[in-house]
Amino acid sequence: MFEELIIAGYGGQGIMFCGTLLAHLAMEEGLNVTFFPSYGAEMRGGTANCRVVISREEIGSPMVKNPSSLIIFNKPSLIKFSGQLKEKGLLIINSSLVEEEIVKEGIEVIRVPVTQIAQKLGNDKVANMVALGVYIRQKGIVSLESAIKGLESILLLKDKEEKKNLIEINREALKSGFNY
Amino acid sequence: MKKRILIRGNDAIGEGAIQSGCMAYFGYPITPQNELTAYMAKIMPKIGGVFIQAESEIAAINMVFGASLTGVRTMTSSSSPGISLKQEGISYMAACQLPGVIVNVQRGGPGLGNIAGSQGDYFQATRGGGHGDYRTIVLAPYSVQEMFDLTCLSFELADKYRSPVMVLSDGVVGQMLEPIHKDDKNVERKIKDKDWILDGCKGREPRMVRSLLLGEEELEKYNWELNNKYKRIKEQEIRAELYNVEDAEIVIIAYGIAARMGKQAVKEARRQGLKIGMIRPITLWPFPEQIVGNIAQKVNSILVIEMSLGQMIEDVKLAVEGKTKVHFYGRPGGSVLEVEEILDKLREISN
């Protein structure tokens, strides 16, 4: 298996956490993985993206030019990255914030209102976990059970007590995405 | 069993330092190495070590100088513009034969440049960016695992040769996360018995550590002594990875992050039937000149790839001594090499 993914959206939408958690899950499956964040003079509300490469073989470049999958959380990211997607690639779009219909041939498009689903669960910040749930179902890199276990172990590592209280809602968000 | 953990490159350097018994870290913030400074700020107080955010890079390297004199394992880190500021201190450390680790997570230059990963500081690192006839051991990690491993090695080499050692990384490997294997061992944090440290001379002869040598031919004699040490390092410490070189017609030479793109290009080229191999210098000084020289006799040509305008290529040419043609492909200013571009260059050369 060789998967190159770009996750993109606004700063504050949990892009980095989404990518980091996926990298952690891939590692737990015994795979090789790299995570590279787009960092710069960026801030909440600015653009944020990260690149995750997952492979059974040793990974060369951690930079992804033509991704095999894209998770897009807002419109500017769709404009910036959708042209780079490989043929037969997977495009997951946050349809709560992106109205555009994609007319590109030969790719698989899944539109999921991840922000609305997250709001219904009580916090739009878990939209990232809804999208990740959709992604892991499509790609089958890990099972839902392993993903939840990985999520819990990462949140338990955090020093702050309030992060631990977020386990429940994040778990529900992952499940909602997986079962969407 | 060794644990596998997901960790950022910069953090892996910090973890390597702590596992190596580093007890004193001095730094000043600069992107893209800030996570390392933050890591040390968090961990050092917990292990009874010293963390100081100095008022400048110059102050930080001189604090390393002072800490090293007391015998503790010590480190500073910065990125390109900050490393320029440290050069005077590094020269003084080389002169006084003080062990210490200096980490450079390179960014684009010259000047303030940008904050993207780059390999523009090869000359500065390997030529001794400070003044005088000295050498600094330079280690170049190309993965997060090596950020950890080579940091550990740098502390060993610094003590073994009483020399400053530089870890020359870049913003890409610094910022990326990868799984690494590491042992949690019991770390020795005692000051090792060193016969040159300044720890108070009660009950023994006073010692002096200095770099000002004004006597007749005194400095020449001292420089020859240093040279003997550099010779020993050259004989014993050269490290390089050879990848698919046995039957190669063209060999790529690359270090650090560029070697990752290089390795991927080798794999892809082999799939397309081109016989390509790669030499990856891990020690940039001492440079693996014999390894490069020997392989140069067997191949049609060599392609040096760097994220710069071409700096290591000078060491390659010195090692090749005209035995084969040396080509170059690089991108400066923090732009990342694309595997496809390397393949284009390989096709151009092989035709």
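Predicted model: local features only at pLDDT ≥ 70, side-chain atom pairs only at ≥ 80, totals over all residues.
Local features were considered only at pLDDT of at least 70 and side-chain atom pairs only at pLDDT 80 or more, whereas totals for chains, interfaces and linings use all residues; side-chain values rest on heavy atoms, with hydrogens and water left out. Residues are numbered from 1 along each chain as its sequence is written, and chains are lettered from A in the order in which they are written.

Chain B is assigned two domains, domain 1 (3–199 + 225–236) and domain 2 (241–350), with bounds that come from an automatic or database domain assignment. Their centres, taken over C-alpha atoms, are separated by 27 Å. Contact (heavy atoms within 4.5 Å) involves 33 residues of domain 1 of chain B and 26 residues of domain 2 of chain B. The size of an interface is often given as the accessible area lost when the parts come together. Here the buried area (the accessible area, 1.4 Å probe, that two parts lose on being put together, summed over both) is about 2,500 Å², 56% of it on carbon and sulfur atoms. B:Gln119, B:Tyr122 and B:Tyr142 supply 34% of the area that domain 1 of chain B buries against domain 2 of chain B, more than any other three residues. Across this domain interface there are three salt bridges, a salt bridge being a side-chain nitrogen of Lys or Arg within 4 Å of a carboxyl oxygen of Asp or Glu.

The largest nonpolar core holds 63 residues, of which B:Ile253, B:Ile302 and B:Val316 touch the most other members. Such a core is a set of buried Ala, Val, Leu, Ile, Met, Phe, Trp, Tyr and Cys residues joined through side-chain atoms within 4.5 Å; buried means under 20% relative accessible area, exposed over 50%, and partly exposed in between (1.4 Å probe, protein chains only). Helix H3 (residues 57–69) of chain B gives the most to this core, with seven residues; helices (H or I, at least four residues) and strands (E, at least two) are DSSP runs, numbered from the N terminus. Each of domain 1 and domain 2 of chain B contributes at least three residues to this core. Residues up to four places away in sequence aside, B:Val316 touches B:Ile253, B:Phe287, B:Val292, B:Ile302, B:Val304 and B:Val326. Another core, of 51 residues, lies apart from it and includes B:Val103, B:Ile250, B:Ile257 and B:Met278.

Between the chains, 23 residues from chain A and 26 residues from chain B are in contact. The area buried between chain A and chain B is about 1,900 Å², with carbon and sulfur atoms giving 59%. One salt bridge is counted between chain A and chain B: the side chains of A:Glu58 and B:Lys263 meet at 3.0 Å, N to O. On the side of chain A that touches chain B, helix H1 (15–28) and strand S2 (32–37) of chain A each supply at least two residues, and S2(A) gives the most, with six residues.

Over all chains, 27 salt bridges are found. B:Arg331 pairs with B:Glu341, the closest N and O atoms being 3.0 Å apart. In this pair, B:Arg331 is partly exposed at 27% relative accessibility, as is B:Glu341 at 21%. Salt bridges that share partners join A:Glu58, B:Glu146, B:Glu241, B:Lys263 and B:Arg280 into one network. Within chain B, the salt bridge of B:Arg280 with B:Glu146 has its closest N and O atoms 2.8 Å apart.
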